[in-house]
Amino acid sequence: MQYRKLGNTGLFVSQFCLGTMTFGGEGELWSKIGDLQQSDAERLIARALEAGINFIDTADVYSEGLSERMTGQALKNLGVPRDEVVVATKVFGETGPGVNARGLTRYHIMEGVKASLKRLQLDHIDLYQVHGFDPATPIEETLSALDTLVQHGHVRYVGVSNWAAWQIVKALGIAERKGLNRFQSLQAYYTLAGRDLEREIVPMLESEGLGLMVWSPLAGGLLSGKYGRDGQTAGEGRRTNFDFPPVEQARAHDCVDAMRGIAEAKGVSVAQIALAWLLHQPAVTSVIVGAKRLDQLDDNIAAAQVTLSKDELAELDRVSQLPPEYPGWMLERQGEYRRQQLGALKR
């Protein structure tokens with residue numbers, strides 16, 4: 001297992017992060033994703049730690065809080081030393097019936113962190129992430145509340161999830177101007193079949209020094225190779241009951257066809273090729289893998305041993321390439337002219 005720095009911090013996290021969305025199964029939405037019980041969760045966490053994963057991600061809304069509770073209890077039951085695991089959770093979603101039991105207000109963030117710490121049975125959260133963008137709350141209020149949590153020792157680092165590039169950069173500017181703790185990471189959807197992040201967000205991450213945590217790296221199971229072009233699967237599959245995240249189907253299946261050929265040549269699974277591709281992307285810090293069974297987790301972790309050649313990466317790039325979009329194609333033309341000038345000067 002390799003370890004990579006999280007953003008501009010000195011904190012090292014494993015290249016795979018164990019996701020806990022399959023824990024609990026409380027609520028109509030979460031029951032479609034997974035309903036693992038405490039003993040199942042403990043087996044998965046134990047196997048992940050054994051493989052060298054030191055990073056676990058959850059959220060206060062997963063299974064209506066049960067995922068956090070099960071994660072904390074598992075760490076306690078397994079006797080995991082606190083300094084050997086990096087625990088990340090999130091705040092934003094609806095956690096109660098009241099009008100203020102949601103969003104990124106100082107009120108909800110302060111209440112949310114207390115509840116998460118209690119469920120996790122921890123004295124601090126290593127990475128506290130805002131789980132979405134709140135148009136009703138000024139970014140200054142959100143950042144100030146998060147900074148208070150860091151100053152009080154409840155949280156070590158703060159991150160963001162599912163924000164646009166302009167929103168993140170605005171937040172970074174506010175944090176710098178006001179001397180507040182800045183976001184160190186972005187958690188976002190990114191796959192071979194969904195490379196939209198590369199248009200503006202990846203260049204922003206590289207420019208500003210933020211780490212990238214990838215959620216749903218198999219596009220809800222679509223890139224596992226078990227779905228046909230008709231959407232049918234021979235076995236169980238999340239997309240059978242929960243068709244998410246949105247994917248351009250034709251391009252996705254072209255990707256699966258290309259990955260299947262590479263996988264067969266290497267004697268590995270299609271899913272391992274999808275995960276290995278992400279690990280080859282310079283912007284990626286950690287890939288979040290969730291599972292319902294130990295064999296699924298083992299298969300995912302084994303992707304860390306898969307090396308893709310330049311030719312294989314080029315083939316995957318070709319079948320998954322995004323269509324040109326303005327202003328990207330104009331910036332590329334302008335940039336090429338300047339790169340040629342720079343090259344001439346260096347010669």
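**Entry: a helix.** Before starting I noted how a helix span is judged: the expected value is 1.5 Å times one less than the number of residues. Helices (H or I, at least four residues) and strands (E, at least two) are DSSP runs, numbered from the N terminus. I also noted that this is a predicted model, where local features need pLDDT of at least 70, side-chain atom pairs count only at pLDDT 80 or more, and totals for chains, interfaces and linings use all residues. Residues are numbered from 1 along each chain as its sequence is written, and side-chain values use heavy atoms, with hydrogens and water left out.

I looked up helix α3 (residues 66-77), which has 12 residues. From first C-alpha to last, α3 reaches 16 Å, close to the 16 Å expected. Its buried residues (buried is under 20% relative accessible area, exposed over 50%, partly exposed in between, with a 1.4 Å probe and protein chains only) include Leu66, Met70, Ala74 and Leu75. I found the buried residues of α3 packed against α2 (38-50), β4 (55-57), β5 (86-91) and α4 (106-120). After α3 comes Gly79, with a positive phi near 65 degrees.

Entry: A reminder to myself: most residues other than glycine have a negative phi, and most peptide bonds are trans. Glu64 has a positive phi of about 55 degrees although it is not a glycine. I placed Glu64 in the loop between β4 and α3, and it is exposed at 58% relative accessible area. Phe92 is not a glycine either, yet its phi is positive, about 155 degrees. Phe92 sits in the loop between β5 and α4 and counts as partly exposed because its relative accessibility is 24%. I also looked up the peptide bond from Tyr326 to Pro327, which is cis with omega near 5 degrees. Pro327 is in the loop between α12 (310-320) and α13.

Entry: What does His131 touch, not counting residues up to four places away in sequence? Its contacts (heavy atoms within 4.5 Å) include Tyr62, Lys90, Phe92 and Asn162. His131 lies in the loop between β6 (125-130) and α5 (139-151) and is buried, at 16% relative accessible area.

Arg195 is in the loop between β8 (183-189) and α7 (201-208). Is Arg195 buried or exposed? It is buried, since its relative accessible area is 8%. Beyond four places in sequence, I listed Arg195 in contact with Tyr190, Trp277, Asp317, Ser320, Gln321 and Leu322.

**Entry: the cores.** A nonpolar core is a set of buried Ala, Val, Leu, Ile, Met, Phe, Trp, Tyr and Cys residues joined through side-chain atoms within 4.5 Å. The largest one has 93 residues, and Tyr128, Trp163 and Phe183 are among those with the most contacts inside it. Helix α10 (residues 270-279) gives the most to this core, nine residues. A second, separate core of 10 residues includes Leu11, Val86, Leu127 and Met213.

**Entry: a pocket lining.** Helix α13 (residues 328-346) supplies the largest share of its lining, six residues.
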